[in-house]
Amino acid sequence: MTFNGLHEELASLHLAVGDVLIEVASGSVGFLVERVRRVDIVEDDIYFWEVAWVNKEAVEESLYSHILEEEHLKLSIFLGIIKWQSINGETFEL
């Protein structure tokens, strides 16, 4: 796969508030809460997602928030590190 092909695949992932994420290694489940735009001198616009994670292993600290950069999140979905289910019914599998 070429870089342009990878870029097209990542661009086809349309993340939205309420989407469900599952981290494959830990089984933790997350929900996309908010998309945040930040301006960078080099990259112009960079987007981040606030994710509310539920960790099934840690009962006392079962809900925690984490910020993920959008392109990193999409790449993690593409590589199968994170499974994604959209509230709009979309999913991603190779």
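**Strands, a hairpin and a surface patch**

In this predicted model, strands S1 and S2 form a hairpin, with five residues between them. Gly27 lies in the turn of this hairpin and has a positive phi of about 80 degrees.

S1 covers residues 20-23 and S2 covers residues 29-40; the two run antiparallel and are joined by three bridges. Within this pairing, Val20 stands opposite Phe31 in S2.

S2 also pairs with strand S3, which comprises residues 44-54. The sense is again antiparallel, and the pairing extends over 11 bridges. Here Asp40 stands opposite Asp44 in S3.

S1, for its part, is joined to strand S5 by four bridges, and these two strands run antiparallel. Leu21 stands opposite Trp84 in S5. Trp84 belongs, with Ile82, to the covered face of S5, whereas Lys83 and Gln85 make up the uncovered face. In a regular strand, side chains alternate between the two faces of the sheet.

Ile81 is found in the loop between helix H2, residues 70-79, and strand S5, residues 82-85. Together with Leu75 and Leu79, Ile81 forms a nonpolar patch on the surface. The accessible area of these three residues together is about 260 Å².

Technical notes. Residues numbered from 1 in each chain as written. Predicted model: local features only at pLDDT ≥ 70, side-chain atom pairs only at ≥ 80, totals over all residues. Heavy atoms only, no water. Pairing = 2+ DSSP bridges. Patch = residues over 30% accessible without salt bridge, like charges linked within 9 Å, V, L, I, M, F, W, Y side chains within 5 Å. Areas by Shrake-Rupley, 256 points an atom, 1.4 Å probe, with all protein chains shown as cover. Salt bridge = Lys/Arg side-chain N within 4 Å of Asp/Glu carboxyl O. Buried < 20%, exposed > 50% of the residue type's maximum accessible area, 1.4 Å probe, protein only.
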